[in-house]
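Me: I would like to go through the terms used for this structure and check each one against its cut-off. Please give the value and then the definition.

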Amino acid sequence: MATKAISDASFHDDVIAADKPVLVDFWAEWCGPCRMIGPALEEISEELGDKVTITKINIDEHPDAPARYGVRGIPTMILFKNGAPAATKVGAAPKSALKGWLEGEL
């Protein structure tokens, strides 16, 4: 399952009301580290798609959700469980580190 682009308008349905954990990647087009981890998140989504939904929200196009969850730097990844933030990771990392962190939080 590929990563899913979400918006401020769809945030509640895609993240808060989801029936399984959701990782939200807060990113922007101009952010080099964000673009660097994009392919890794796509691969992780394929590998862990049965356990977690991986989504992406562009902070420039959709500023409400980042403001609501205190996103100050990007990339920021917040794992939501049962509609609430459960874990946060800020900054780029290799795929192995991202996957290890996510698996440890699921």
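Me: What makes isoleucine 54 the bridge partner of leucine 23, and in which strand does isoleucine 54 lie?
Reply: In this predicted model, where local features need pLDDT of at least 70, side-chain atom pairs count only at pLDDT 80 or more, and totals for chains, interfaces and linings use all residues, isoleucine 54 lies in β3 and is bridged to leucine 23. Residues are numbered from 1 along each chain as its sequence is written, and side-chain values use heavy atoms, with hydrogens and water left out. Strands here are DSSP runs of E, at least two residues long, and helices are runs of H or I of at least four, numbered from the N terminus.

Me: How do you know that β2 and β3 are paired, and in which sense?
Reply: Two strands pair if DSSP finds at least two bridges between them. Strand β2 (residues 22-27) and strand β3 (residues 53-58) are joined by six bridges, so they meet that definition. The two run parallel.

Me: Why are β1 and β5 called edge strands?
Reply: The open sheet has five strands in the order β1-β3-β2-β4-β5, with mixed pairing. β1 (4-5) and β5 (84-90) each pair on one side only.

Me: Which strands does α4 touch on the sheet?
Reply: α4 packs against β2, β3, β4 (76-81) and β5, contact being heavy atoms within 4.5 Å. The direction of α4 makes about 160° with that of β5.

Me: How many bridges pair β4 with β5, and in which sense?
Reply: Six bridges, in the antiparallel sense.

Me: Why is α2 called oblique to α4?
Reply: Helix α2 (residues 32-48) and helix α4 (residues 95-105) pack at about 45°, with axes 9 Å apart. Axes are lines fitted to C-alpha atoms, for helices over the stretch in contact, and angles run from 0 to 180 degrees between N-to-C directions. Under 35 degrees counts as roughly parallel, over 145 as roughly antiparallel, 65 to 115 as roughly perpendicular and the rest as oblique. The angle therefore makes α2 oblique to α4.

Me: What makes the cysteine 31 and cysteine 34 pair a disulfide?
Reply: Their sulfur atoms are 2.3 Å apart, and the definition asks for a pair of cysteine sulfur atoms within 2.5 Å. A search of the whole structure finds one disulfide.

Me: Why is the disulfide of cysteine 31 and cysteine 34 called right-handed?
Reply: The torsion about its S-S bond is about 80°, so the disulfide is right-handed.

Me: Which peptide bond is cis, and what is its omega?
Reply: The bond joining isoleucine 74 and proline 75, with omega about 0°. Proline 75 lies in the loop between α3 (64-68) and β4.
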